[in-house]
Amino acid sequence: MADTENENGNPAEVDEETAAIIAKPHGEQQQIKMEILDMIHAGRNPFDILYHVAAWLEEVSAEPGYAQYVEEQIRSIYGMALQHVKPMQDELADVEARLKRIEAAYENPKFTEEEHIRIGFAIEHHKKDIERLKTLIHEAEANHSDMHIQV
């Protein structure tokens with residue numbers, strides 16, 4: 001047992017686990033709390049805030065890939081399944097950026113004819129995916145109410 005003070009300022013005993021929690025510095029937690037509030041006050045999208053917290057958790061837990069996993073889940077569930085526009089717009093931007101890189105690679109004369117054929121398939125796939133996402137976004141904008149927080 002470790003010693004600490006109770007509400008009256010008198011010495012009190014606590015177990016080792018509680019003593020460790022009390023002794024732990026809370027600066028990092030305070031920083032993320034302030035960042036969350038700043039993002040809310042700035043009117044940031046709730047999905048961006050959630051991703052920011054996931055990135056912080058990835059860093060403090062030393063679990064590489066956690067933020068990416070959360071982002072993929074947000075896009076799958078909130079974007080595709082629940083038809084929220086923002087995750088689908090993020091996915092669309094990523095697909096469009098990949099298409100530009102693939103199209104640039106297609107122009108590279110160092111690739112063989114077979115490689116150009118494969119790259120061509122990737123270009124067509126990305127173009128179809130872009131059209132699909134645009135249609136889903138349009139439908140979500142027309143048919144879906146805004147996300148709201150339930151308490």
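## A pair one turn apart in helix 6

Arg132 and Asp129 sit three residues apart in helix 6, so about one helical turn separates them. They form a salt bridge, with the closest N and O atoms 2.7 Å apart; the term means a side-chain nitrogen of Lys or Arg within 4 Å of a carboxyl oxygen of Asp or Glu. Arg132 is partly exposed at 41% relative accessible area, while Asp129 is buried at 15%. Here buried is under 20%, exposed is over 50%, and partly exposed is in between (1.4 Å probe, protein chains only).

This is a predicted model: local features need pLDDT of at least 70, side-chain atom pairs count only at pLDDT 80 or more, and totals for chains, interfaces and linings use all residues. Residues are numbered from 1 along each chain as its sequence is written, and side-chain values use heavy atoms, leaving out hydrogens and water.

The structure holds seven salt bridges. Glu91 pairs with Arg75 at 2.8 Å between the closest N and O atoms. That links helix 5 to helix 4 (residues 66-81), 16 residues apart. Helices are DSSP runs (H or I, at least four residues), numbered from the N terminus. Salt bridges with shared partners also join Glu71, Arg75, Glu91 and Asp94 into one network.

## The nonpolar core

The largest nonpolar core has 13 residues, and Met88, Leu92, Ile123, Ile130 and Ile137 touch the most other members. Such a core is a set of buried Ala, Val, Leu, Ile, Met, Phe, Trp, Tyr and Cys residues joined through side-chain atoms within 4.5 Å. Helix 6 supplies the largest share, seven residues.

How values were computed:
Helices (H or I, at least four residues) and strands (E, at least two) are DSSP runs, numbered from the N terminus.
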